Amino acid sequence: MKKLKALLFDVDGTVSDTERDGHRVAFNQAFSEAGLGWHWSIETYGRLLEVTGGKERIRHFIDTFQPAFDLPADLGGFIRKLHQTKTRHYLALLESAAIPLRPGVERLLKEARASGLRLGIATTTTPANVTTLLTATLGAESVSWFDVIAAGDVVANKKPAPDIFRYALEKMKLTADDCLAFEDSENGLQSSLGAGLTTVVTVNGYTLGQDFNGAVIVLDQLGEPDAAFTVLAGNASDATYVDIALIKRLFET
Ligand code: XBP
Ligand code: MG
């Protein structure tokens, strides 16, 4: 029998709107520092998001958008180094507190803890990006709120593969019947559904319009008591923001 014990959160696009004004900016700073003359516009980046993982995204960009690029002998090493530079710039952006949490996230994390639900993270991004985002927005102590921060290269296959959610469940010694996931993208939803998880989707500018078939509900945001969400698919009955009562109701349907 299903009993809710934990909430699993994606990070990029779900906990915080990090892609357009965070990751994208940091990639461009790294390209510029390496003297590459590449620039990912807001629109181009939207297309590149089809591929999850920063290193994988750079490789995909070279393959599809840079046919004339003189490939270095050690392409993997070149990408890893470029990505390390990107991570350095991204962490600096986070440390300058430039990227806030999305509406309702802080409130919901606190309500979940107060009601005895465990918390976990399942993300494609680099582990330091997660701990630095949490520290910059919620304080250093918030890192310990999460029983597992499953991130980046700990699994062989990134989202849309289910590996990272399965990894998080395994580390928490829980099954999909114990947890509810939060995602923002089609790739992320495929990953959580592949792991068998009931999933709430909160869309953002890049993911609005993607296919969220299979999500238990699709919202524009988690909402706050004084700032209602908009329901894009599914049924929130009379709720106007996501709280533990709504989560439990959705989980049990
Ligand atoms: C997030 C990503 C990540 C970030 C960049 O996907 O795709 O690649 O854009 O992070 P999701 P890194 O939200 O589905 O987990 O550069 O550290 O890989
Ligand atoms: Mg995401």
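Visitor: How much space lies in the largest pocket?

Guide: About 450 Å³. Keep in mind that this is a predicted model.

Visitor: Which residues are closest to its centre?

Guide: Glu 19, Leu 49, Thr 52, Arg 57 and Ser 185 are the closest, out of 36 residues that line the largest pocket.

Visitor: And how does the lining divide into nonpolar, polar and charged?

Guide: Four residues of the lining are nonpolar, 19 are polar and 13 are charged.

Visitor: Which helices supply at least two residues of that lining?

Guide: Helix H1 (19–33), helix H2 (42–48), helix H3 (54–65), helix H4 (75–95) and helix H8 (186–194) each do.

Visitor: Where does the pocket lie relative to the domains?

Guide: The largest pocket lies between domain 1 and domain 2, because both give residues to its lining. Domain 1 covers 6–18 + 100–252, and domain 2 covers 19–95.

Visitor: How many residues are in contact across the two domains?

Guide: On the domain 1 side there are 16, and they are in contact with 22 residues of domain 2. The domain centres, taken over C-alpha atoms, are 25 Å apart.

Visitor: New topic. What coordinates the magnesium ion (ligand 2)?

Guide: Asp 10 (OD), Asp 12 (O) and Asp 184 (OD) coordinate the magnesium ion, at 2.1 to 2.2 Å. Along the chain, the spacing of these donors is D-x1-D-x171-D.

Visitor: Is Asp 10 buried or exposed?

Guide: Asp 10 counts as buried, because its relative accessibility is 4% and the cut-off for buried is under 20%.

Visitor: What about Asp 12, buried or exposed?

Guide: Asp 12 is buried too, with a relative accessible area of 11%.

Notes: Residues are numbered from 1 along each chain as its sequence is written. Chains are lettered from A and ligands numbered from 1 in the order in which they are written. This is a predicted model: local features need pLDDT of at least 70, side-chain atom pairs count only at pLDDT 80 or more; totals for chains, interfaces and linings use all residues. Side-chain values use heavy atoms; hydrogens and water are left out. Donors are N, O and S atoms within 2.8 Å of the metal (3.2 Å for Na, K and Ca); water is not among the atoms, so sites may look incomplete. Buried means under 20% relative accessible area, exposed over 50%, partly exposed in between (1.4 Å probe, protein chains only). On a 1 Å grid over the protein atoms alone, a cavity is a set of points where a 1.4 Å probe fits but cannot get out, and a pocket is an open set with protein on both sides within 12 Å along at least five of seven lines; lining residues have an atom within 4 Å of a point. Grid points are joined across faces, edges and corners, and a volume is the space filled by probe spheres set on the points. Helices (H or I, at least four residues) and strands (E, at least two) are DSSP runs, numbered from the N terminus. Ala, Val, Leu, Ile, Met, Phe, Trp, Tyr, Cys and Pro count as nonpolar, Asp, Glu, Lys and Arg as charged, and the others, Gly among them, as polar. Domain bounds come from an automatic or database domain assignment. Contact means heavy atoms within 4.5 Å.
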